[in-house]
Protein chains: 2
Amino acid sequence: MPKGTIYYVKIAVTGGAGFIGSNLVLRLLNDGHYVTIIDNFSTGRIENLGDDLHHPRLVINRIDLTDGDATCKTLTDVDVVYHLAANADVRDGWKHPRKDHEQNIMATHNVLEAMRLNSIPRIVFSSTGSVYGETKVVPTPENAPFPIQTSLYGASKLAAEALIQAYVEGGLVTATIFRFVSILGPRYSHGHITDFMRQLLRNPDELMVLGDGSQTKSYLHVNDCVDALVNHLVSRDKMCTYNLGVDHTITVHDSIGWITAEMGLTPTLKFSGGNQGWIGDNPLIHLDIAAIRKSGWEPKYSIKESVIETTRWILANRWVLEPKA
Amino acid sequence: MPKGTIYYVKIAVTGGAGFIGSNLVLRLLNDGHYVTIIDNFSTGRIENLGDDLHHPRLVINRIDLTDGDATCKTLTDVDVVYHLAANADVRDGWKHPRKDHEQNIMATHNVLEAMRLNSIPRIVFSSTGSVYGETKVVPTPENAPFPIQTSLYGASKLAAEALIQAYVEGGLVTATIFRFVSILGPRYSHGHITDFMRQLLRNPDELMVLGDGSQTKSYLHVNDCVDALVNHLVSRDKMCTYNLGVDHTITVHDSIGWITAEMGLTPTLKFSGGNQGWIGDNPLIHLDIAAIRKSGWEPKYSIKESVIETTRWILANRWVLEPKA
C-alpha cells in the first residue's frame, strides 16, 4: 500500500471465535477493518470476543463450512478470507477420522469454491509445521524434502494447502500459507498447558505426562502470529508459503518447570514413556524461520514468556478449562 | 513369500473397469487371484474386460466411492486394495472443481475408512508425477523439495497420498504409493493420442495442437505399469513411494510424428501457442526412476513403442473414441 494511504478492508475470518481467530478479529477491528466471523462454534467461544462482541464493524455468522451451499451464501462481499477454521485436535485424530477430512479438507474446498463463485480474490491460510512429518532436516525450511505425513491432522492440512495452490495456479485467488508451530497466549484453549493445569488444579501433587518429557517443540505467541497474519492482508506475491515460529525450542520438561513454578507447585511427575506423546506426535518440531524474517517479521516473545503468560491467563480465566456450555 | 509357495489372494481393484484397472484385473485373474472390481462406470467400460467379464474368479460391483456407506459395505473380505479409481481428467479440472475433490480425495478417504473398519491391511495407490508441480529438480526423485501444486488433479492426488500416509503411521494399513507418468497401451481411453486421432479421423489434413508442441513428457507402457503394481501385491515395507516412468522423454512433436506416420497422414500442424497445453499443464515431466529400478523393476517398452502400439490399438478399437453408450 502507498505510504500515507489507509485502506479499510472487508475481511472474513473463518474460525473467528476460536483461539487464534478471535485474537486476529480483535486486531483487525482495532485496525479499522470490517470483519465477518464465520464459525460453527464447535470449539469457538463467544467469550473470546469479549467487549467487541457487539462491535459495529463486526458480523458473526454461525455456519458450518462443511455445508457448501451455506458457505457460498455466507462468504460474499469480502476482499480477503483468513481461513483459520479447522479441527485442531491433532492428538485424538483416530477417535474421529472423519473430522479432519470434513473440517479441514472439505471445508477448505468449500471456502475455495465460494471464493471462486463469489470472486473473492485473496486467502490467508493457517497450515501447520506438522505437514513436515518426521523430517530429518531440522530446523526445517519451507522447501524441505517432500514430506511423509504422520498424522491425519497434518495430512488434512497438507491437502488443504495443495487445494489452495491449485486455485492460485488457476488464477482464481492469491494466497499466503503459514505453517504454524503451536501457538500460545491469551484465549489459548487446548494443548499441553491446559492438560497439565487441569490435572494440577484437580491434584496438585502429581502430574501425568505423555511420552518421556523429552519431546522438543517450538511455540509462538499469538500476538506474534497475528502480526504475521496482518502483514499478509495484502501481498504483491501471487502465492507464498512461510513457516511461523521462533528460533529456539524447549522440551516438555522445560514447560512443566515454568508452569508449576507459576502455579507454585512441585508435583511428582509420572511419564507414559516413549519419545512420542501419541501416535503421530512429532518428537521434534523446529521450523526454519529465515524466510519470514527476511520479509521483516520478527517474533517478539520467547517461548518461556509465552508459556508463563499463557499459564497466568488460564489461572485468571478458568472458564477455558470447563467444558463448553 | 517363501519360494515354491503360491498364494492366491483376494484383491479389490477400484476403477477396475478403467484403462489401467482393467489391464491389472486381467493380469491378476491370469495369475490365479480372486478379484473384485469396484467401479462407478463413469469412465470405466465393460468392453475393457473382454472375455474375462464372466470369469469365475471375478466379481463386479457398480458403486460410487463417494458413497461412504456403500464403500464400507462393499469393500469387505479382501486382502489388498488396488485403489486406482479417480477422476483422471487433468485438463478440464476447472470445468468441474468438485470432481477432483469428490472422486480423488473423498473417495480415498472412504476407501481408507472402509479398510480400517473392515480390517483390510494393505493398499496400493496410483498417484501421479503431477504432484511435483513445476519442480526445478529434473529428473525428479521421490524426495524432491516440498512441491507446489499446479493442478486440481495433482492437488487431489497429493491429498490422497497424505491421507494414506497418515493411516500407515496410525498402524492401520501398509501402503505402496506409485507416482505414475502418463500411461499408454491397450485400452488407453483419453489423452493426447485420442485427441489427435479423433481430430485426424475427422479431418486428415489438419491437426490442432495445444501449446507449442515443445512440452516434454515421459510415458510408460501399461504392461510395465502393471508389472510394478503386481510386484507390490505384498511388501515387507510398511510404506514406500515410487516414481514409475521411463528414463527418457519425448516432445509432443515426436509423438505427432509417430502417430501420423502410423496413420499414413501428413497433416498441417496448427499450434495454440505457449509452453503449456492448458492451465496446470506441466511443460516438463521427467521422473527419476532409480529407486524402483533398485527394487528390480525395469521398463521394457520405449516411449516410441508405446505411442505406436497405442495408435495401432485405437485404430483397431475405434469404439474407444466414441462417447460411452
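Q: Which residue is the bridge partner of Ile11(B) in E2(B)?
A: Keep in mind from the start that this is a predicted model. In E2(B), Ile11(B) has Val35(B) as its bridge partner.

Q: What is the order of the strands in the open sheet of chain B?
A: A sheet is read by listing its strands side by side. In chain B the order is E3-E2-E1-E4-E5-E6-E11, an open sheet of 7 strands with parallel pairing. Strand E3 (58-62) and strand E11 (239-244) of chain B are the edge strands, as each pairs on one side only. Direction ignored, neighbouring strands of this sheet are turned by 15 degrees against each other on average.

Q: Which strands of chain B does helix H4 touch?
A: Look for the helix that packs on the sheet. Helix H4 (residues 152-169) of chain B touches strand E5 (122-128), strand E6 (174-180) and E11 of chain B. The direction of H4 makes about 155 degrees with that of E5(B).

Q: How many helices and strands does chain A have?
A: Chain A has 9 helices and 13 strands. Its radius of gyration is 19 Å, close to the 20 Å that the globule rule gives for 325 residues, so chain A is as compact as a globular protein of that length. Its C-alpha atoms fill a box of roughly 55 × 45 × 40 Å along the principal axes.

Q: Is Gly264(A) buried or exposed?
A: Gly264(A) counts as exposed because it has 7 C-beta neighbours inside 10 Å, and the cut-off for exposed is 12 or fewer. Its place is in the loop between helix H7 (252-263) and strand E13 (268-271) of chain A. From the C-alpha atom of Gly264(A) to that of Trp319(A), 55 residues away along the chain, the separation is 20 Å.

Q: Over how many bridges do strands E1 and E4 of chain A pair?
A: Strand E1 (residues 10-14) and strand E4 (residues 80-83) of chain A pair in the parallel sense over 4 bridges. Within this pairing, Ala12(A) has Val81(A) in E4(A) as its bridge partner. Helix H3 (residues 97-117) of chain A packs on the sheet and touches E1, E4 and strand E5 (122-128) of chain A. The direction of H3 makes about 180 degrees with that of E4(A).

Q: What rotation superposes chain A on chain B?
A: To compare two copies, one is laid over the other. A rotation of 180 degrees, with 0.0 Å of shift along its axis, superposes chain A on chain B with an RMSD of 0.0 Å. That is the relation of a two-fold axis. Both copies use the same surface, since 100% of the contact residues of chain A recur in chain B.

Q: How many residues of chain A are in contact with chain B?
A: An interface is read by listing the residues on each side. Here 29 residues of chain A are in contact with 29 residues of chain B. H3 and helix H4 (152-169) of chain A each supply at least two residues of the side that touches chain B. The largest share, 9 residues, comes from H4(A). By type, this side of chain A divides into 16 nonpolar, 9 polar and 4 charged residues.

Terms used:
Residues numbered from 1 in each chain as written. Chains lettered and ligands numbered in written order. Predicted model: local features only at pLDDT ≥ 70, side-chain atom pairs only at ≥ 80, totals over all residues. Rg over C-alpha atoms; globule rule 2.2 N^0.38 Å. Pairing = 2+ DSSP bridges. Contact = placed C-beta atoms within 7 Å. Axes fitted to C-alpha atoms, helices over the stretch in contact; angles between N-to-C directions. Least-squares fit on C-alpha atoms with pLDDT ≥ 70 in both. Nonpolar A, V, L, I, M, F, W, Y, C, P; charged D, E, K, R; others polar. Buried ≥ 20, exposed ≤ 12 C-beta atoms within 10 Å, placed from the backbone.
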